[in-house]
Every structure is written in C-alpha cells, then in structure tokens.
Amino acid sequence: MSDAADKRIGQLREGLEINLKLDFMEDDEIRDIFDEIASFDPSLRQKILALSLSLSHASSSFVLSTLARIKKARHILSLKSTEKWLTNAFDLLDSKGIDPFIKFISKADDTEALRKYQGTEGLSLQSILPRLEAYIQGISGLGLKVVQGKTAYTDTAAIYLPALMNLYTAQDENFLIYKLMVVHQWSRIACSSLVPEDGIVRAFVKKQRNHPDIDSIFRNFQEREFAQDLYVILESIRSREFLVAELPGLMRKTDELEKSVFEERPHLESLSGKTAVAEGLFQYYLCGKTKGPMPAEVKVIFPKLKALRQAKSTSSTFELLFDIYHAGCCITGKYEARDLSFLGTIRTDKVSKFLRAKRTEKKKNYEGMINRLLSAPEMENRKKSSAAKTETEERELKPDEKYLVIKGKIIELDSELREIVEERQGIPGGILVKGSDLGAGSPVTLADLVAEEEIAEGRTGGIPYDEWDYKRSGYKKHWCSVYEHDVYPGHEPFVEMTLGRYGAYIGLLRNKFEMLKREPKILRRQKDGDDIDIDAVVEAFSDMLAGLSPAEDLFIRIDRQERNIAVLFLLDMSGSTKGWVNEAEKEALVLMSEALQALGDSYAIYGFSGMTRTKCDYYRIKGFDENYSATIKKRIAGIEPKDYTRMGPAIRHSITLLQSVEARTRLFIILSDGKPEDWDAYKGEYAIEDTRKSLIEAREKGIHPFCITIDKEARSYLPHMYGEANYTVIDDVRKLPDKITEIYRRLTT
Amino acid sequence: MTVKSEDYMMEEEPYYRSVGDEIDLFAAAYLNRIPVLLKGPTGSGKTRFMQYMAWLHKRPLITVSCHDDLTASDLVGRYLVKGGETLWVDGPLARAVKVGGFCYLDEIVEARKDTTVVIHPLADDRRILPIEKRGEVLKAPAEFLLALSYNPGYQSVLKDLKQSTRQRFLALEFSYPNRELETEIIVHESRVNEEIAERLVTFGEKTRNLKDRGLAEGASTRLLIHAAQLIVSGIGQAEACGAAISAPLTDDAEMYGALSEIVSSLF
C-alpha cells in the first residue's frame, strides 16, 4: 500500500479514536473495535474505517452494530459484492442521513435479502463443466450429462446445476459445492429415489392410472413443495451411508462444510411451523442436531430417522414422509421453502416426462422390430399345420421357439426380437397393426396440388430438378425447385460449449484423424529410389557370398500418399429432428469439423428441409470453398428444425455441388432421422423410390453416398432405399457425435 | 550358432492368477497343436500369462515384440558376413521351432502385414516354416506353440488383424480381473495393504467408466500396481495415483483434473 493511503488510514483511525473516546468508551473497548476492523479484508478496511468515523459523529453504538452487520454481510457475500453493498450503504448515509442507513443496514439480518447483492463473480458452471461431467461419468459409470438449470435436480438422464456458484470467495469451496450437488443428484439415481420400484409407487398412489411414477405420488400432496423438500432431506439421510461407502474422501471433506452451512441456518423458533419442520430436518441431516427445539408434533419421528439410514428401499422413506407430512400439516402457517444448499431439489414432473419419453422410444423401437419381423424372409413352411391356428394363438410365442407365426407366415426370430417377444410374452395387437401400416403409400389428390401452388407463391429463381415417379417409371421433368439459402447464424456459443463438453474426447479424435493423414512413408527395398537401403545391400552382399542370387531391391523411396477426398454432409433439418436429434446433429457436425480440420479433407455442410415440390429449401452451413471460421460456427449454432423431408431434390442438388469439386474421391454423407416425407403426396413408397433413384444417380456419377439414420422405426425399407451396404442406423441419438466420426474414418481408409 | 533352450526357460514360477478357464483352454489348445491368440487390453496380464504357461508346460519362451519395421527375415533368420565368410543366423521364430518352444509375438498388429504372412504355414496343420534363403523347410515338433497377442482396443482401421491370420488361431479373451482378484493381485505385487488396494481397484473401475468418454483406455491392472508400489515407497496416495495412473492415461488438463477429483473423492 502506498504511503498516501497509509497516511489516510492513520488520519481516519485517529479521528475515530477521538470520537469514541468522546463517547466515554473504555480503551479496551476501543481496541476491540479496531481489532474487529483489522479482521476484515485489507481492501475493505479503509471504507469501513471511513464509515465508522462518519457514524461515530452520531453515536458510537451505531459503530458497533454496523460492524456486526458488515461482518455478517461479508460472511454471505463475496468480497466484491460486500464492497458493493457497503458502498451502497455509505451512499445512503451521505445522501439521506442516518435513518434510511440504519434501515438498509439492518436488512443484513435477512440472509435472502442480502444475497441479492451477490454479483456475478464466483464460479461459473461453464468453466468447470467438462471436468465436472467427466468426474460424474467416471464415478457413476453412467453417461450422465451435466446441463445448466435453475436449481440442482436431475431427470435421471442429465443433471441440472445452477449456472453460478458464489457462496464462497474461494473457488475451491464453490467447486466443492458443485461436486456435492452433482454427487447428491447421482445418489438420487443410484439409490432409486426418483424411480422407486413399481410396487412402492402403487402402494402410495391413490388413484391408479397407467404407468404411475413418482410424480403421481407427489401430485396427491396439497402442500406439494413441503412434501418434496421433506422427501429430498429424508432421501439424503437414507443415501448418506451409500455416499460414505462410495466416496469416503469427498464425504470426509464435507464434514467441515456441513458445519459451516449449519452455522448459517436460522434458529427454528424464528420460523413458522411447517418451515421449522423441514428446516429442523435439514439441520439434523447436517449435524445431527437442531438449532432450538423441533415443533412438538413431529418430535416422535427422530428415533425413526436412525432406522432410515439403514433402509434399503424408498418404501421406508415414503412411510416416514407421510408421517411427518401429516403431523406437519396439523401445524398452522404457510410453508416457506428454504434453499437446501447442496441437496438441491427434485423435479418429479421432469422425471415423469423423461420416463414417458423413454416409454415412447421403447414402443417405437418395438414397432420397428415388428416391422422387421413382417418383412423378414419367410422360412420353409416346415410347420404347415400351424398356419391353421387362430389368430390369437398365432401371436403367442412359446418359450424356446425360434419361430413366430404371423398370418400363416413362419418367421425366424433373431436374438434381439426373441428377447423382446419373450419379455412381453407375445405381441400386443395394437403394435402389430401399426407396424404393418408403415410404409404404405397414399395417392395424390387435387387438393394437395392446389395447396402447394399457394405455398410457392411469390418465389422465383429456384433451381429445377426432376423427380422420379415409380408408378410411371420415369422422371417428372423440372418438378422440384431448390432454393439455396445461408443458415441464419445463431448467437449461442454452441460450438464452444460442445468443444468444452467433449474436451478430452476431441483431443483423441484429432489424434485418430491425424493418423489417417498418412505421413510420408519410407518404403524400403525398392527397385529405385532416393537413397540406398543399407540393410538390403548388406543382405544382398551376404547372399552373394553365400552363393545365392542377390536381391535387386536396394533402394529407399519416400512415398507421399496424399488423400484427395471431398465430402459433403447433408443434414436433415425437418421438424421431426426437434430436440435431441437436432442437438446431436449439431454436436456431430462440430466434432466432424474438428476432425476434418485435423485431417485436411475438403468438406462442405448443407442442410435441407422445405414444404412441397416448389419450395425445397437447401441451407448452406459451410461451402467447399469456405474456411471453418467464426461465421461457420455461428451457422452451426443456428441450425434449427424447419419443415418436411423431401430428400430427392436435396440429394440431386448435392450431387451437382459435389460434381463441381475437384477430387479423386467424392463422398456424400446424409444424416437423417427417418423416412422421406413431404406435406404433399411425397410419402410412402413414392418418396422411398424417389430417394432411392436419386442415390443411384449419385453412384452413377461417381459419388459415394452414405446414409446415417437415426431411426428406430421401420427399418424394413432402409436397405431398399439406401442400398444394402450404404447406410447405418444409429438407435441412440446421443451416440451420433461419437459414431459419425468413426464411420467417416472407416469410409475413407 | 547353437541355441541352448535353457536360455529361454522360466526358472521361477511367475505370479499369475487365473481369471477364467484360460489355463485349461490353453492346455487343450497346446495338446491339439492349435496356435493361440491372446486378446485383451493393455496391462491385463497377457504377457504374464505366457510366462506362466511356459513355466507350467516347461517349455522355453521366446518373445518377439513386434514393430512396424519388423521384416520377415527378422523373424526367420538371415545370412551375416563374418571375415569374408557368410554365417546363417536363425531368427527367433526359427529358433523356437528348432527347440520346440513357445514363440510369443507380442502386439502382432504393430508388425507389417507382409511380415505376418510368414507365420501362416506355421499356424495351420502344416506346421512348417519355410526358410527360402537356405532352401529349407523346418517342420515344427509337437512341443512347438505359436502365440500372438493383440489389443482390440486400438480399433484402428489401419492396424486390424487380417481375417486370414485371425482364423488360424484359438482366441483367449483377457479382461480386467474382478474386484477381489484384482485386489489380491495388487496386494501380491506391491505388498500394499488391502484397504488401499481396494480403493485403487475402485479408482481403476472409475477410469474404465470413462473409456470412450475422453479416455482411450481405462487404467490397467499394471498401472494400479505401479501406484500401489509408489504408495508402499512412501509417496502420498493422491500423488501416487496422479503420477502412476491419471497422468499416463491422459494429456488433457480437464480430464486429468476430473481424475484428480475422483481420486480425492475416493481416498
């Protein structure tokens, strides 16, 4: 600190000391005050001294009470925020006088009000996300994603955490809180807190509906928030043993932290009934004791809490939850939810939504299986008699049978199908009907044609392409108009986030791709070359001496095997890709771009969508001649699901683009999420045939098309549409980013 | 040059704990003169298994670590010039055939594809090794056995084993041992106490969870033993795990950070 600053501090101290003495304070009391001030961070001291001096003009008692509040504020807020808060208070004193100042500063007693002053410094989730995600994936062995959310909760597939952590000044402690949050959320998954066994759920749900889940239980509570908070704390008590056994090191470190959190918690007597119950339980979780007595109504539960620690299933938790809830509801007063620190919250609605999505996915998968079943090659009619059985009998599968009979067709089951059929003990009728419906065509109606003209209104300058009509076995001339646009750049730092998320993986990926680059290779034992191969000469010489005819390949040649590949990625941007598919496609593009950047292959990325033949939109994300720049990254971020999937014209336009590029190998990779379909008659067999035809055209022109499909349904038409060896199906969209790079590697070596 | 098979004999019993039925399978393969292919991630005990088998069957073990400059004559043999005279020197493969030993080609995928073809006549029912330069054909005695090791984890298109090579072998799959066994192995190899060994095994499992999620490969038993040895030598647990496990696994700072966090959560 400079001398001038020291001098100023000296003056302030002197002034304050004089004022305090005037107020008849004892010397040791004054020393205490100065010690107190000295205990603050150096950068705050001058301001606090100046404030104390101003206050001491009024009364020395203000100095004492103000110092206590500053201490509290400092405890809760970070250094910067405390400074801000203090400046605010000081300004108030200067401008409006002592009364508003006292009012303002006494608000520091309310922790929540004080928190509002917390600025944005602290530890941001983004900065530690890759590390935290790898941490929890390693610990859990599950592919859990870490995502930013309002509070800490999980839907069992992703863990949501708040964007910023600034409870402490030290970043290590903030990180510890993040770690604890993520670990507690994992314990909810690992201890099946969120997906209790079916029997347990059914026992606690009054109205039985289809697929009851944890959300159905909590919907029964009048005071839902109260019940959910109680459940979070009770489950945390139950899963504690689990965490201690799994992560002894972390839980040891937590003890300190739990004590300090406990210190911060309010006294129970200052809270209303229900709030005190939840708060008391939380304090019990933290330190095994409470600040002040628990409301008498719930005291009886404490012995049961000990038993809960050993409980193996959520059933005991629910019993206790109902006990406490009912006891708690007898106490009047509203429940005011208080933050449960690192325990986070539960969002039963999100869990329920995720479970529903999983069920739908499974069902789709199942439908796809049946479809495959129906299109499976018919077996020799070995068991003719079975064809006569009634339909209900046909759908049943006898254990150990490898064959399934559907409408007289005897079909051999592969292992995957068998498993599913055995699991369900037969095939539900509804799915069977749905499955056989897929792939059916529909005729063009006049109304469709009229409507599409309307849509095309006001558009000119499209590039015309023919379309294949399988019924007439010929092309419809200039049937489709393709319009090229640039993707509107997105503002989200999507690429950076993806790079962060896949941090270490991208390193591996670059390495893998750099390996493909084929370093100039030294070829030994050549007939001619740049240098003499000493080993070969020695060998030839010894052969000669041994009376053998010596080898003539005595040279070393350096071979530069250069890659000469151009690849175009065509992305399905239809409405159905909304959500995970779109997200995964974008992530896949980012990884692919990184990999290709390392490899140096020439590449372009385009997307397509549109509505009707007159409005086939073709979006440029990256042209062959463009560099992978910030603009391209923004365009990737800006990829959004649009309308329909008319694949033919998009493929034909891609062919034109690819043909204009100089390259020995032209590769064309299509990423789509299902079968081609447009708003008009472009569906079913017609669409499949047109797509197939356009891919054949590509092959005729020396382009290698390859299709990656994220689709679980209706796999039957895929081999026909894409050609047996030229496609792959990815059933879990989240695997797309990893898979696509692997596929590319395989294709180009 | 004369080869003394004693030079390649295992004198002491190598420490090896059986993970499955690989010892019996090997014995049966040996009896039926089927060559074996040892598949498994690095550090899962393939080389140790071969040493143990050589000791068990009392045969000399000749190991060749393959690399991409390994030529056929490196394996079979070559003429050398000595004082104006030429001298034929057997390669390790020819030597193993002559003494009826075990020839173990470690990391066979690293060798050039044209080199691997040399072993083909040895690996089918002909069991012969033609030595072109001498115009000689060596017939392998009944005691001879050919073994290859191969890490499918590399999954590199460029370094895959050819089907024509693969389909001559009986494959023994090696994987990481189960918890109890791995703990026992670590305790035996490093003399660390059981509690620490167990934690190391847990950490090993966590790193294996991260395979393909940023790590190319999880920690092998070998790495866990290294860490245990460091701990026995008085290095702190966190430092030992960092230096012996995390740092060899990854160069990425974030991933190393995550691994360190896992260590600090476990220990």
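Visitor: Say two residues are in contact if their C-beta atoms, placed from the backbone, lie within 7 Å. Of the contacts in chain A with a separation of 6 or more, what percentage comes from residues 24 or more positions apart?

Guide: That's 72%. Keep in mind that this is a predicted model.

Visitor: OK. How many helices and strands does chain A have?

Guide: Chain A has 30 helices and 18 strands. It runs to 749 residues, and 39% of them count as buried.

Visitor: In what order do the eight strands of the open sheet in chain A come?

Guide: The order is S8-S9-S15-S14-S13-S16-S17-S18, with mixed pairing. Strand S8 (463–469) and strand S18 (727–729) of chain A are at the edges. Each has a single partner strand, so one side of each has no neighbour in the sheet. From one strand to the next, the twist averages 25°.

Visitor: How do S8(A) and S9(A) pair, and over how many bridges?

Guide: They're antiparallel, over six bridges, with S9(A) covering residues 474–486. One facing pair there is A:Glu467 and A:Lys476, the latter in S9(A).

Visitor: Which strands does helix H25 of chain A lie across?

Guide: H25(A), residues 580–599, lies across strand S13 (565–572), strand S14 (602–610) and strand S16 (665–672) of chain A. H25(A) runs at about 170° to S13(A).

Visitor: Switching to chain B. Is the pairing in its five-strand open sheet parallel or antiparallel?

Guide: Parallel, in the order S2-S5-S8-S1-S9. The edges are strand S2 (61–65) and strand S9 (170–173) of chain B, and since each has a single partner strand, one side of each is left without a neighbour in the sheet. Twist averages 20° from one strand to the next.

Visitor: How many bridges join S1(B) to S9(B)?

Guide: Four, between parallel strands, with S1(B) spanning residues 36–39. B:Lys39 sits opposite B:Glu173 in S9(B). Helix H1 (residues 22–31) of chain B packs on this sheet, touching S1, strand S8 (145–150) and S9 of chain B. The direction of H1(B) makes about 165° with that of S9(B).

Visitor: And what do S6(B) and S7(B) form?

Guide: A hairpin, with four residues between the strands. B:Gly135 in the turn has a positive phi of about 60°. S6(B) (residues 128–131) and S7(B) (residues 136–139) run antiparallel and are joined by four bridges. B:Ile128 faces B:Lys139 in S7(B).

Visitor: Helices now. At what angle do H9(B) and H11(B) pack?

Guide: About 30°, with the axes 12 Å apart; H9(B) is residues 194–209 and H11(B) is residues 237–249. That's why H9(B) counts as roughly parallel to H11(B); the cut-off is under 35 degrees. The crossing is right-handed.

Visitor: Which residues meet there?

Guide: From H9(B), B:Ile196, B:Phe203 and B:Thr207; from H11(B), B:Gln237, B:Cys241, B:Ile245 and B:Leu249. By class, this contact has five nonpolar residues, two polar and no charged.

Visitor: Last one: how many residues does the contact take from chain B and from chain A?

Guide: 28 residues from chain B and 29 residues from chain A. On the chain B side, strand S3 (77–82), H9 and helix H12 (253–266) each supply at least two residues. H12(B) gives the largest share, nine residues.

Methods:
Residues are numbered from 1 along each chain as its sequence is written. Chains are lettered from A and ligands numbered from 1 in the order in which they are written. This is a predicted model: local features need pLDDT of at least 70, side-chain atom pairs count only at pLDDT 80 or more; totals for chains, interfaces and linings use all residues. Axes are lines fitted to C-alpha atoms, for helices over the stretch in contact, and angles run from 0 to 180 degrees between N-to-C directions. Angles under 35 degrees count as roughly parallel, over 145 as roughly antiparallel, 65 to 115 as roughly perpendicular and the rest as oblique. A crossing is left-handed if the near helix is turned anticlockwise from the far one by less than a right angle, and right-handed if clockwise. Ala, Val, Leu, Ile, Met, Phe, Trp, Tyr, Cys and Pro count as nonpolar, Asp, Glu, Lys and Arg as charged, and the others, Gly among them, as polar. Two strands pair if DSSP finds at least two bridges between them. A residue is buried if 20 or more other C-beta atoms lie within 10 Å of its own, exposed if 12 or fewer, and partly exposed in between; C-beta atoms are placed from the backbone.
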